[in-house]
Amino acid sequence: MLMRKMLRDMRSSFAQFFSIFILAAVAMWCYTGFQANVIGGGRAREEFEKKTNFSDGWIYGAAFDEDRAEAVKAIDDVNDVQLRSEVLGKADEKYNTAELYCYFQDTKSVTVPFVIKGVEFDPGDEDGVWLFYRFADAWGLSVGDSFTSHVLGQDITKTIRGLIATPEYEFACASTDADTDFHNIGFAYMSVNVLPEELRGFNEIIFTCKGDPLKLEDDISSALDGNYAFLADRKSIDGYNRLTDELNQHDGFSYVFSAIFVAIALLVIITTMKRMVAHQRTQIGTLNALGMKKRKIMTHYISFSVIITALGCLVGVILGIFTFGKMMVDIFSDFYSVPGWGPGYDAKSVILSLIIVLICALAAFLSCKTILKIHPSEALRPAAAKTSKPCIFEKLPFWGRLSFTAKYDLRDIARSKLRAVMGICGTMMGMIIMLMGIGAYDTVEYVKDWYFKDIQNYDSQVLFTDSCTPDQAFGIADKYSGELISADLISIAAEEHPTSDDIVSCKLTVTEGKGLFCVSDTDLNVTDLEPGTVALTMKQARKIGLEKGDTVYWKRSSDNTWNKSRIGFISRHPSIMGITMLRADYESLGFEFKPQMLVSKQNCDSAEDLEFVSAVHSMSDLRAAFDKSMEIMDLLVYFMIFFACLLIIVVLYNSGNLSFNEREKEFATLKVLGFKSGAIRKLISVQNLWLSIIGVIIGIPLGQVPLQAMMDSNGDQIDWPCYVSPLTYFIAAAFVMAVSVIVGFMFQKRIKRINMIEVLKGME
Amino acid sequence: MSKTQVEFKDVVRVFGKGDGKQVAVDHVSFTIDEGEFVVILGRSGAGKSTVLNMLGGMDTPTEGKVFVDGQEVSAMNDNQLSVYRADTIGFIFQFYNLIPGLTAFENVALVKDIKKDSLDADEMLERVGLSDQKNKFPSQMSGGQQQRVSIARALAKNPKIILGDEPTGALDSETGLIVLEMLQKLSTEDGNTVILVTHNADIAKCANKVIHMRNGKIKSIKTNDAPLSVREIEW
């Protein structure tokens, strides 16, 4: 019977219970949606790494041989070792001379190519090549086709034996592209015997190990007598680490978003259950008087919360996996190359659902226990009217001049604090998410302006091939009045003899200081590099604890010598992290300035035909590529805006609904007195609007915090300062206000339908 | 000769449909003159409150017509009914129905938001003897005091007709008498039409006219040429 009562009660308070259902469902929808991607991606990667025996460490150097590999293998915690030669080559011209990373090996034990199609990689097969499947798909290449590459001055034509993937290229983007285009980036595995004997050397030892490979550096250094350039772990492999960062970000999102919705659901449950048990006070008294145990009555009221939230969680989990999660996986698996990536789920969804149900049940318990403590005889009588007393707002100097609506609404807020808190918190959360969503758009535009107008103060970018000589570069720089840039991978540290833990991998950018390729300070103002000093990016400076005026130690990936430079200022760049220095200073250290890029204010399209030029990009090309790379960000933005809207609507409607139900008798009285429906609606709307305004005001300063956290969660290789434009604040606030007003209109019909007689009699 | 102010013409009010159909008011007709103190008497379920609700513009007849000052109330739409309730009717409820979040003064003064030419709230509270309680909230007042605020609120609208649904029903006898006395004075001294619904036959002795209802029908309509003063009746 109590079940029937519960169902009927739910029907009569449908709006509130539906809100709780929606909030619980959305919480789990968000969670499982993000987690479907994170878990699915995580599992697929784990399997991928296992099948390929993916390396944990990379030792870069020159002239590695079997003996050195054996010496590394002899280190206690090292498991498997692989010698290989990694060379950046080019695909044939008919494949747009795409960047092609070639791996030459004579064995296969670590980072073994995962075959998507064709036969397993055979390092003894001198006639075959194993090609990145995404690149092959982009060019319509398949197993059995002939493929030509140009590596180390050799034209190598081989038959494609297999289409492959490796975890090192989960993310792949050509250095000439701003965004992934599989036409321009590929990798190939071949037998080392494909190369002429004089070129058969190994420049990498990759290995698997127990624990952190960087902790083995001392052992490795002594095993190799210090004859290596650089030791890297997985975090330094951009093709691998980028997805790790992205999945970590989504993992964080899944908890943050679901927590927001659960918090609001709790507020709704508390307000709804408190109101319901207060409303059913005499029924509770009757059941008690009839001899029903308090525990049974309590179970009855808790079951409202349990059933609704459990149903909501169930629907959320199912929808999360099969709608949002699947959509995320589809988009991400298209962008990243991880075989077998599908939506995943685990027991955490069930555990989190149970936690949500339990927390909500606890909220219901706390809401009901006060009434159940009352003696049955007392509960049988209607509750004494809520004691009113002058509210805090009456101390306002202009209280006396306020209209009836204002006084009435302010007193109501003072009397129903929890409902007011729910309204304020809900709109505040909605405002924050809305600011995060639209603010992410602003940030993209802001960074775009900063990047393309301030930092890149040029109109054309000419990328040189590896074979480009400095003279060729200087010649073209003169022709186009441009600035030459070179870049290199480096390690930096705050001390001269750092341990592995104190080293940070980043980039060295060398400019000619002509003001075309600029550097920004921490306030994002373009700042000239002072000769004799370098600029160090903010994130890296913080990481190793350096400031302006300190000395930074750095070494190139191809050297073993540590250099030192004074930090002229701390800089910021959206995507290039590390040190920027002037060419003269670089050359004064004894290094040869070997430009890889020319930037110019002139149109450099005619340079495209030069043999030492690999690509020419105009600023509009670069902007278009940047926009394309923001597609995933766009998805997150739409997602956040959608959920912000949903949250704001649910919360404000629920707040209005509770307000309506609690004051229905008063509204009926006002109607009897002659108040028109519009005037009564105004009472609800004005109060909702006030709560929204407070929520908006609190939400405004808080909105930037999670937005910056979201931007920072992209890892150390990206530095995007968040920016929310005044227009965004206005749009978000206007939206919240508009919903608030619209919600008021949603009550118009109910106000019109108030049965004055029934309500006034029924509430006795 | 007094002018007819209220006219019920063959009014029927049916609630529900089919098997659940209940006839609350069954072909009721009567008239009330301006300034009369009328009591609609009857037991619980007699249909007296339904009559009052239709007269107050809170309910509409299923059949028949209700006229007030020649205007057909039963044909008014929602908006017209709001204006009618605001301008013509002052309602006093059994359970006072004051707004708990407003003080006594504000409960009376809120009428200003409905009717621009409403009477001064301070004066009305003085009239019901509650000037010193004006800043108290309903929950800080006794039932009698709350009912007097309710009367002050009804009076503030300067209504043509004052309707009371068991206005003394929730009060003790002494407080009930004070309230009743006040209502009688409104009719005898101020010339307001006062219509009360009650099941208390003693109250009927104070009225000019007593409409006795039973099972939704009018059992009798009696005119009382010499109504007793409230203090003369036995409670």
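Axes, in this tour, are lines fitted to C-alpha atoms, for helices over the stretch in contact, and angles run from 0 to 180 degrees between N-to-C directions. The structure on screen is a predicted model, in which local features need pLDDT of at least 70, side-chain atom pairs count only at pLDDT 80 or more, and totals for chains, interfaces and linings use all residues. Residues are numbered from 1 along each chain as its sequence is written, while chains are lettered from A and ligands numbered from 1 in the order in which they are written.

**First stop: two helices of chain A**

Select residues 417-455 of chain A, helix H12, together with residues 726-746 of chain A, helix H20; they pack at an angle of about 145°, and their axes are 9 Å apart. Helices (H or I, at least four residues) and strands (E, at least two) are DSSP runs, numbered from the N terminus. The crossing of H12(A) and H20(A) is right-handed, a term used if the near helix is turned clockwise from the far one by less than a right angle. Among the residues that meet here are Met431(A) and Leu435(A) from H12(A), and Ile731(A) and Phe735(A) from H20(A). Residues count as in contact if their C-beta atoms, placed from the backbone, lie within 7 Å.

**Second stop: Asn661 of chain A**

Now pick Asn661(A), which lies in helix H17 (residues 631-662) of chain A. Asn661(A) counts as partly exposed because it has 18 C-beta neighbours inside 10 Å; a residue is buried with 20 or more other C-beta atoms within 10 Å of its own, exposed with 12 or fewer, and partly exposed in between, the C-beta atoms being placed from the backbone. Show Ser13(A) as well: Asn661(A) and Ser13(A) are 648 residues apart in sequence, yet 9.3 Å apart in space, C-alpha to C-alpha.

**Third stop: where the chains touch**

Next, show both chains, where 23 residues of chain A are in contact with 26 residues of chain B. On the side of chain A that touches chain B, the largest share, six residues, comes from H11(A). The predictor gives the complex an ipTM of 0.71 and a pTM of 0.68.

Turn to chain B, whose secondary structure comes to seven helices and ten strands, and in which buried residues make up 52% of the 235 residues. Select strands S1 (residues 4-15) and S2 (residues 22-33) of chain B, which pair in the antiparallel sense over eight bridges; two strands pair if DSSP finds at least two bridges between them. These two strands, S1(B) and S2(B), form a hairpin with six residues between them, and Gly16(B) in the turn has a positive phi of about 75°.

**Last stop: an open sheet in chain B**

Finally, select the six strands of the open sheet in chain B, whose order is S6-S7-S8-S3-S9-S10, with mixed pairing. Strands S6 (89-92) and S10 (217-223) of chain B stand at the edges, each with a single partner strand, so one side of each is left without a neighbour in the sheet. Within the sheet, S7 (residues 161-165) and S8 (residues 193-198) of chain B run parallel, joined by five bridges, and Leu163(B) stands opposite Ile195(B) in S8(B).

Key
Two residues are in contact if their C-beta atoms, placed from the backbone, lie within 7 Å.
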